[in-house]
Amino acid sequence: MSSTSSTISSIRVSARTSRAGRIAGVLGRQPLLVVGIIVVIIWIIAALLASQIAPFEPLAQDVRNRVQPPSAAHLGGTDELGRDVFSRVLYGGRITIPAGILVIVFGSLLGSAMGALAGFLGGIWDEVIMRISELFMAFPTIILAMAVTAALGPDIRNAIIALVVVWWPGYARLMRGLVLKVKSNDYVEAAYCVGAPRRYILLRTIIPNCIASVLVMTTLDIGNAILTFAGLSFLGLGPEPTSPEWGRMIAVGIDYFDQWWTWLYPGFAIASLVIAFNFIGDGLRDIFDPRLR
Amino acid sequence: MTFFRYIARRVLFTIPILLGITLVSFLIANAVPADPINVNLPQSQLNNPEIVAAFRAEWGLDKTPVEQYLTYLGNLAQGNLGRSIKTRQPVAEDIARFLPATIELATNATALGIILGVGLGVASAVWRNQWIDFAARTLAVIGVSVPVFVLALIFLSVFHAQLGIAAGPGRLDFTMDEPAMLTGLFTIDSLAAGRLDIFANAVAHLVLPSLVLALYVAGLISRVTRSSMLEVLGMDYMRTARAKGVRESLVVMRHGLSNALIPILTVIGLSYGNLLAGAVLTESIFAWPGIGRYMFRASTSQDFPAIMGVSLLIALIYVVVNLVVDLLYYFVDPRIRAN
């Protein structure tokens with residue numbers, strides 16, 4: 001008896017190590033995925049600990065030291081009001097990273113719900129939801145977002161709302177396709193046969209089998225959301241002008257074009273973060289999509 | 001015959017889409033608390049109820065939304081897009097003035113992006129998992145990840161301000177006269193007028209903004225090219241071609257690339273449509289008087305007629321680009337032709 005259980009536990013242990021080994025193996029074949037994860041973690045830590053790491057307050061002005069080049073005191077130089085660029089870049093992650101994540105979270109939730117309903121209910125619901133999503137997709141992302149933020153008034157919350165309005169149709173279409181595919185499986189048929197209620201079938205039988213693909217899409221998408229948010233903010237349709245947001249800092253920095261540090265450092269921040277997220281997204285897609293292996 | 005019926009059906013299908021677009025843009029423009037009066041009238045006139053009322057009457061703002069929408073559709077049926085509140089010109093004329101600049105930029109950028117992107121993508125697939133593949137893929141990720149406005153600033157700073165080897169913002173130097181309006185594309189108009197100096201200047205000004213956009217486009221195209229080529233390279237007919245002793249370059253290009261073209265065409269069409277419609281970030285940094293900047297100005301001043309006009313134009317561009325891509329499928333793939 002005891003020998004059986006010890007055998008079982010040793011099998012468990014070996015299964016666990018082999019899983020850890022598998023993950024290590026997969027990561028070893030995806031060096032860019034690892035780089036991406038590390039860079040994203042660094043930016044998140046920088047944003048979380050900004051108040052501890054940053055040598056200056058992000059809004060503290062020092063007009064006598066305006067647009068000074070990088071120095072030992074000001075690693076990233078100072079901007080047009082003498083604020084420390086390095087500190088502002090660190091604080092900037094507190095706006096841009098959550099904004100990008102919120103856009104993807106709300107966009108994917110709204111889109112998936114709509115898509116699931118369209119695919120599950122079919123008929124007129126499917127037609128109406130899909131035609132509406134097509135109308136929203138007929139606009140280029142930044143143009144539609146621009147129209148919505150301009151209409152609602154420029155601030156962070158409205159920029160996020162605008163991007164959710166732009167983002168949901170992609171998820172609706174993905175989710176609808178997935179639900180239609182899963183719906184035709186025998187186990188869904190079986191659930192109907194044993195008399196499970198429709199809501200139970202949708203929430204417990206169908207949706208859990210669709211979530212993995214949606215999650216992969218969200219990681220592929222998050223860099224894009226950050227990029228578009230920074231673009232809106234660059235155009236003045238996001239956070240208020242004084243706020244330490246990367247896109248905003250670049251827009252202000254253009255007036256001090258020759259003082260490159262005013263726009264290059266926030267630019268580097270956006271670029272490195274988006275590249276990192278795209279490395280992660282690509283890596284996960286390669287892992288989950290065996291056709292591309 | 002079936003070919004023309006197919007086109008006719010596609011064109012008919014676009015009508016409900018365009019109607020839907022007018023509805024969405026009208027709803028976005030109207031379902032909001034913002035009032036165009038606050039943006040478009042100076043403070044001194046806002047306090048004068050007569051002027052405000054006259055402004056409302058002039059732009060139809062005193063009518064109910066349903067009436068406004070129906071009036072707009074009525075005018076639209078007669079080819080009238082209305083008058084821009086901001087520029088006070090007919091929207092159609094504004095579009096005719098701003099669109100050529102965008103077309104010139106988007107076309108150049110896309111051409112450059114295709115050359116770069118297809119080249120990198122093919123190389124990436126042929127030398128899969130070797131250093132060239134790694135480099136090309138990294139370049140592609142960077143191309144789609146670095147914000148165009150950051151890349152634009154870096155290029156302007158390095159190639160224009162520091163090295164002085166590229167022209168700065170704008171379509172021409174300030175000292176240059178615009179060529180006589182023919183197509184609105186400065187490169188073509190200047191050649192037609194026989195002004196090589198203007199042509200050279202226009203090309204010089206096109207280089208940096210085209211390059212910035214082309215890197216993004218090349219990133220998109222090379223990723224699709226790579227995966228599409230990888231699929232094709234594993235096919236039996238590739239082995240057959242090699243077994244017959246066909247030259248490797250011919251195998252890759254004729255047997256490989258021509259069979260991998262369909263997804264590549266799709267992404268090219270998609271990105272060309274996007275550049276024609278939404279290059280607002282690049283246009284604003286390079287002071288490029290294109291449709292993106294026009295739309296930006298319109299949307300920040302609640303210029304409803306202009307917003308709706310541009311939205312319609314953009315939807316139309318998408319429809320036309322998609323149609324052209326579908327027609328290209330028809331020529332590229334004999335199987336589609338047979339059906």
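1. A quick definition before anything else: a residue counts as buried if 20 or more other C-beta atoms lie within 10 Å of its own, exposed if 12 or fewer, and partly exposed in between. By that rule B:E231 comes out partly exposed, because it has 15 other C-beta atoms within 10 Å. B:E231 belongs to helix α10 (residues 196–233) of chain B. As for where that puts B:E231 relative to B:T102, the two are 129 residues apart along the chain, and their C-alpha atoms are separated by 35 Å.

2. Keep in mind that this is a predicted model. For the complex, the predictor reports an ipTM of 0.82 and a pTM of 0.85. In chain B the mean pLDDT is 85, and 96% of the residues score at least 70. If you go through chain B element by element, helix α6 (residues 91–126) has the highest mean pLDDT, at 93. Helix α2 (residues 36–40) of chain B has the lowest, at 68, and I'd keep that value in view when reading this part of the model.

3. On to the overall look of chain B. You'll find 17 helices and zero strands in it. The C-alpha trace of chain B spans about 85 × 55 × 40 Å along its principal axes. Of the 339 residues in chain B, 39% are buried. Taking the contacts in chain B with a separation of 6 or more, 72% are between residues 24 or more positions apart.

4. B:M295 is worth a click. Its place is in helix α15 (residues 291–300) of chain B, and it counts as buried because it has 29 C-beta neighbours inside 10 Å. Setting aside neighbours within four places in sequence, B:M295 is in contact with B:V280 and B:V310 in chain B, and with A:I143 and A:M146 in chain A.

5. Now the contact between the chains. How many residues does each chain put into it? Chain A gives 34 residues and chain B gives 34 residues. On the side of chain A that touches chain B, α6 (141–152), α10 (211–234) and α12 (261–288) of chain A each supply at least two residues. Sorted by class, that side of chain A has 26 nonpolar, six polar and two charged residues.

6. Within chain A, have a look at how helix α2 (residues 31–48) meets helix α4 (residues 85–121). Their axes are 7 Å apart and they pack at an angle of about 105°, so α2(A) and α4(A) are roughly perpendicular to each other. From α2(A) the contact uses A:W43, A:I44, A:A46 and A:A47, and from α4(A) it uses A:L90, A:G93, A:R94 and A:I97. These residues divide into six nonpolar, one polar and one charged.

7. The helix α4(A) also packs with helix α5 (residues 123–137) of chain A. Here the axes come within 7 Å and cross at roughly 145°, and the crossing is left-handed. On the α4(A) side the contact is made by A:M114, A:L117, A:A118, A:G119 and A:L121. On the α5(A) side the residues are A:G123, A:W125, A:D126, A:I129 and A:M130. By class, this contact has seven nonpolar, two polar and one charged residues.

Terms used. Residues numbered from 1 in each chain as written. Chains lettered and ligands numbered in written order. Predicted model: local features only at pLDDT ≥ 70, side-chain atom pairs only at ≥ 80, totals over all residues. pLDDT = per-residue confidence, 0-100. Helix = DSSP H or I, 4+ residues; strand = E, 2+ residues; numbered from the N terminus. Axes fitted to C-alpha atoms, helices over the stretch in contact; angles between N-to-C directions. Parallel < 35°, antiparallel > 145°, perpendicular 65-115°, else oblique. Contact = placed C-beta atoms within 7 Å. Nonpolar A, V, L, I, M, F, W, Y, C, P; charged D, E, K, R; others polar. Left-handed = near helix turned anticlockwise from the far one by under 90°.
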